[in-house]
Amino acid sequence: MKKDILILGIESSCDETAASVVKNGTEMLSNVIASQIESHKRFGGVVPEIASRHHVEQITIVLEEALEQAEVTMNEIDAIAVTEGPGLVGALLIGVNAAKTLAFIHNKPIIGVHHIAGHIYANRFATEMTFPLLSLVVSGGHTELVIMHEHGKFDIIGETRDDAAGEAYDKVARTLGLTYPGGVQIDRLAATGEDTFQFPRAMMNEASYDFSFSGLKSSFINTVHNLRQKELPINQADLATSFQASVIDVLVTKTIRAAKEFHVTQLLLAGGVAANQGLRERLIKETAKEIPEVELIIPPLSLCGDNAAMIAAAGTILFEKGIHGDLTMNASPGLLFEDTY
């Protein structure tokens, strides 16, 4: 009988301090997250120095709680998976050093995980992955289309050339004076308005699978500034709806086209913006209409944001492949897929 694999996951790439114990890459025994939203809200975004300080305060607490909730000890853990990058260097260092310390004390393998790989593998808690698959990653500073033909192998066929979708959401939210995190509020407003502004759909019909949201962001900001200068009413709901319609049109159109071209069996949505209700609904609708033979997988809302269960899930694959790091591991804020897998 095959032995169960228990991986302790650690995530600290931005403003969540998280630890999780995952069995066999698919079963969460615990998933503890200490959020910093309230601390960063008054600044309108994440302040790296404050994020790092909170990670230092919380890392031991979340690790102890994750092991306690899972009812396991470090002796039972097979390996420690930690976000190596990308992310904020100070924040990453807290998690990496905590993982290295535990690995040294308990003589456990340490596995460096790419943050975006973690977001993709969050889907494994919904259902098993089958190949070939396409993943639409929409997370903070990342907007990417990724093809996978096997576990742990990622082929990026499209990525953002400037602002990612998540960054654009944050910037337009600040323009409207919405509090951090603004993406959630834009999504809520978008459900109540009309697409009256018809913002540009950049690169939507180009052959490339790359994305660009800088022009959309600029168009939105200029529109709001013009309305204010002319002392005209600002309909936040219509502005939010128009902005989100542009983003979703581009994301879904390119994703469906890629799924057809690469003949995938599954389509995965991954990343923080995967929690966006408008995007989820549109992707469900268009997948059923355009590619009904493709299975659409969307992670539960609790696993769309940064968490350690996704890191442990991705780390399980590397553990099974015999891939791990050592105590010389360092935080890598600009880590690329090819540097890890």
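**View 1. D249 sits in a salt-bridge network of this predicted model.** D249 counts as buried, because its relative accessibility is 16% and the cut-off for buried is under 20%. The residue belongs to helix α8. Its salt-bridge partner is R201. The closest N and O atoms of the two lie 3.0 Å apart. R201 is in the loop between α6 and α7 (214-229). Salt bridges with shared partners join D195, R201, D249, R282 and E286.

**View 2. Helix α9 packs its buried residues against several elements.** Helix α9 covers residues 277-290, 14 residues in total. From first C-alpha to last, α9 reaches 20 Å. That is close to the 20 Å expected at 1.5 Å a residue. Which residues of α9 are buried? They are G278, L279, R280, L283, E286 and T287. What do these buried residues pack against? Two of the partners are the helices α6 (182-190) and α8 (236-261). The others are β6 (133-139), β9 (266-270) and β10 (295-297). E286, one of the buried residues of α9, also belongs to the salt-bridge network of D249.

**View 3. A side chain meets the backbone at the start of α9.** Look at N276 and G278. A side-chain oxygen of N276 reaches to within 3.0 Å of the backbone nitrogen of G278. G278 is among the buried residues of α9.

**View 4. T241 is a buried residue of helix α8.** Is T241 buried or exposed? T241 is buried, because its relative accessible area is 11% and buried means under 20%. T241 touches L189, A190, G193, E194 and D195, leaving aside residues up to four places away in sequence. One of these, G193, also makes a polar approach: its backbone nitrogen lies 3.2 Å from a polar atom of the T241 side chain. Another, D195, is part of the salt-bridge network. Now compare sequence with space. T241 and F197 are 44 residues apart in sequence. Their C-alpha atoms are 8.8 Å apart.

**View 5. K3 and D78 form a salt bridge.** The structure holds twelve salt bridges. In this one, N and O are 2.9 Å apart. K3 lies in the segment before β1 (6-11). D78 lies in the loop between α2 (48-70) and β4 (79-85). The partners are 75 residues apart, so the bridge links distant parts of the chain. K3 is exposed, with a relative accessible area of 56%. D78 counts as buried, at 18% relative accessibility.

**View 6. K171 and D163 form a salt bridge.** Here the N to O distance is 3.2 Å. How exposed is K171? At 28% relative accessibility, K171 counts as partly exposed. D163 is buried, with a relative accessible area of 10%.

**View 7. Three residues make a nonpolar patch on the surface.** The members are F104, I105 and L327. Together they have about 340 Å² of accessible area. I105 comes from helix α3 (residues 89-106). Why does I105 count as exposed? Its relative accessible area is 56%, and exposed means over 50%.

Terms used:
Residues numbered from 1 in each chain as written. Predicted model: local features only at pLDDT ≥ 70, side-chain atom pairs only at ≥ 80, totals over all residues. Heavy atoms only, no water. Helix = DSSP H or I, 4+ residues; strand = E, 2+ residues; numbered from the N terminus. Expected span 1.5 Å × (residues − 1). Buried < 20%, exposed > 50% of the residue type's maximum accessible area, 1.4 Å probe, protein only. Contact = heavy atoms within 4.5 Å. Polar contact = N/O pair within 3.5 Å; in protein donor to acceptor, adjacent residues only side chain to side chain. Patch = residues over 30% accessible without salt bridge, like charges linked within 9 Å, V, L, I, M, F, W, Y side chains within 5 Å. Areas by Shrake-Rupley, 256 points an atom, 1.4 Å probe, with all protein chains shown as cover. Salt bridge = Lys/Arg side-chain N within 4 Å of Asp/Glu carboxyl O.
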